[in-house]
Amino acid sequence: MDPRVISLCLSLSLMLLFAGCASKNVSSSSGDQSGQAKTEAIQPDAIKTVPLERSFDRPSGSLPSNLSVASNTASDSNALGDVFFDYDRFQIRKDAMPVLDANTGWLRANGSSTVLIEGHCDERGTIAYNLVLGEKRARAAKKYLQDLGIQASQLQITSYGETRPFCKQQDEDCYQENRRAHFVTK
């Protein structure tokens with residue numbers, strides 16, 4: 001066989017191999033009610049992993065808390081209220097402002113405490129999209145607190161997207177509970 005043909009075949013094979021590895025298809029049917037799987041192309045740098053030391057779970061059975069400052073102890077994460085977001089949005093709503101104001105009071109009273117702001121989403125949308133949206137929600141809450149004078153060194157953010165739902169039913173009330181920024185004291 002002609003060496004040029006072999007060389008051309010090898011070149012084409014390598015190009016197809018690398019072109020096929022450029023993205024990864026991910027299928028998930030958890031959020032699609034039509035029965036069809038949602039498929040997306042995820043670039044390797046689009047998703048950040050969350051280190052275990054920054055991973056916090058809400059105790060099972062606990063409700064989202066929209067409480068004002070109830071305690072001045074750094075270990076009481078229930079003193080910090082969650083804020084909720086509209087569908088496909090990351091702007092702070094008017095009803096979230098009093099909760100964030102109360103969280104600001106707690107953070108000022110506990111200046112040595114660090115808080116992790118977790119961004120969460122409902123299951124609608126792709127996995128990668130929800131991770132980015134969750135991060136934007138956490139950043140919006142952090143910016144609001146910083147605008148009120150809280151030091152950036154007290155605030156950390158992470159996104160769990162749709163991976164840690166508080167409510168697992170598929171209705172609007174449940175979706176609303178999952179679209180949140182959750183505050184965890186460290």
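Mentor: Helices here are DSSP runs of H or I with at least four residues and strands are E runs of at least two, numbered from the N terminus. This is a predicted model, where local features need pLDDT of at least 70, side-chain atom pairs count only at pLDDT 80 or more, and totals for chains, interfaces and linings use all residues. Residues are numbered from 1 along each chain as its sequence is written, and side-chain values use heavy atoms, leaving out hydrogens and water.

Trainee: So what do those runs give for the protein?

Mentor: Four helices and six strands, in the order α-β-β-β-α-β-α-β-α-β from the N terminus.

Trainee: Why is H2 called oblique to H3?

Mentor: The axes of H2 (residues 97-109) and H3 (residues 127-147) cross at roughly 60° and come within 10 Å; axes are lines fitted to C-alpha atoms over the stretch in contact, with angles from 0 to 180 degrees between N-to-C directions. Under 35 degrees is roughly parallel, over 145 roughly antiparallel, 65 to 115 roughly perpendicular and the rest oblique, so H2 is oblique to H3.

Trainee: Which residues make the contact?

Mentor: With contact meaning heavy atoms within 4.5 Å, H2 brings Met97, Leu100, Asp101, Asn103, Thr104 and Leu107, and H3 brings Ala141, Tyr144 and Leu145.

Trainee: How much of the protein is buried?

Mentor: Buried means under 20% relative accessible area with a 1.4 Å probe, protein chains only, and 38% of the 186 residues qualify.

Definitions and conventions:
Buried < 20%, exposed > 50% of the residue type's maximum accessible area, 1.4 Å probe, protein only.
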